Amino acid sequence: MPRPEVLDRVKDAEQEADEIVAEAEEDAEETIAEARERADEIREQAREEADAEAEERLEDAREEIEAERERILEEGAEEREALEARAEEREEEVVEYVVTQFEEAVHVQT
C-alpha cells in the first residue's frame, strides 16, 4: 500500500476516533443533564411529599387539640354546674347562719 494511502487511512481513523470521542462526550453530557433533571424532579417530589405529610400531621394535631379543648370545656361546664348545685343546696343554710350571726351581734349590743 502506498504511503499516501496509509496516511489517508490513518487520518480517516483519527477523524473517526475524534468523532466517536465527541459523540461519547455529547452522550455523557446529555446523560449528566438528564440525571440532574431527574434528581431535581425527585427532590421536588420529596419536598411535596414532605409538605403533604407535614400538613397532614398538623391537621391531626389541630384535631387532637380541638378534641382536648372540647373535653376541657365540657369538664369545666360539669364542674360549674356541680358547684352551682352545691351552692344552691347550701343557700338556705348560709342565710340561716348569717341571720343567726346578725341576731347574736344585735343581742350583744343591747
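Y97 sits in helix α1, which covers residues 3-109. In this predicted model, Y97 counts as exposed because its relative accessibility is 52%, and exposed means over 50%. Together with V94 and V98, Y97 forms a nonpolar surface patch with about 290 Å² of accessible area.

Now for the chain as a whole. It has one helix and zero strands. Its radius of gyration is 46 Å, well over the 13 Å that the globule rule gives for 110 residues, so the chain is more spread out than a compact globule. Along the principal axes, the C-alpha atoms fill a box of roughly 155 × 25 × 10 Å. Buried residues make up 0% of the 110 residues.

On to charges: the chain carries 14 positive and 45 negative ones, and their mean positions lie 7 Å apart. Side chains of opposite charge can pair when their charged atoms come close. The structure holds twelve salt bridges, including these:

| Pair | N to O distance |
|---|---|
| R38 and E41 | 3.5 Å |
| E53 and R57 | 3.1 Å |
| R90 and E93 | 3.6 Å |

R38 and E41 are about one helical turn from each other, because they are three residues apart in helix α1. E53 and R57 are four residues apart in helix α1, also about one turn. R57 is exposed at 59% relative accessible area, while E53 is partly exposed at 37%. For E93 and R90, the spacing in helix α1 is three residues, about one turn. Salt bridges with shared partners also join E55, E59 and R62 into one network.

Definitions and conventions: Residues numbered from 1 in each chain as written. Predicted model: local features only at pLDDT ≥ 70, side-chain atom pairs only at ≥ 80, totals over all residues. Heavy atoms only, no water. Patch = residues over 30% accessible without salt bridge, like charges linked within 9 Å, V, L, I, M, F, W, Y side chains within 5 Å. Areas by Shrake-Rupley, 256 points an atom, 1.4 Å probe, with all protein chains shown as cover. Salt bridge = Lys/Arg side-chain N within 4 Å of Asp/Glu carboxyl O. Helix = DSSP H or I, 4+ residues; strand = E, 2+ residues; numbered from the N terminus. Buried < 20%, exposed > 50% of the residue type's maximum accessible area, 1.4 Å probe, protein only. Rg over C-alpha atoms; globule rule 2.2 N^0.38 Å. Lys, Arg positive; Asp, Glu negative; His and termini not counted. Charge placed at Lys NZ, Arg CZ, Asp CG, Glu CD.
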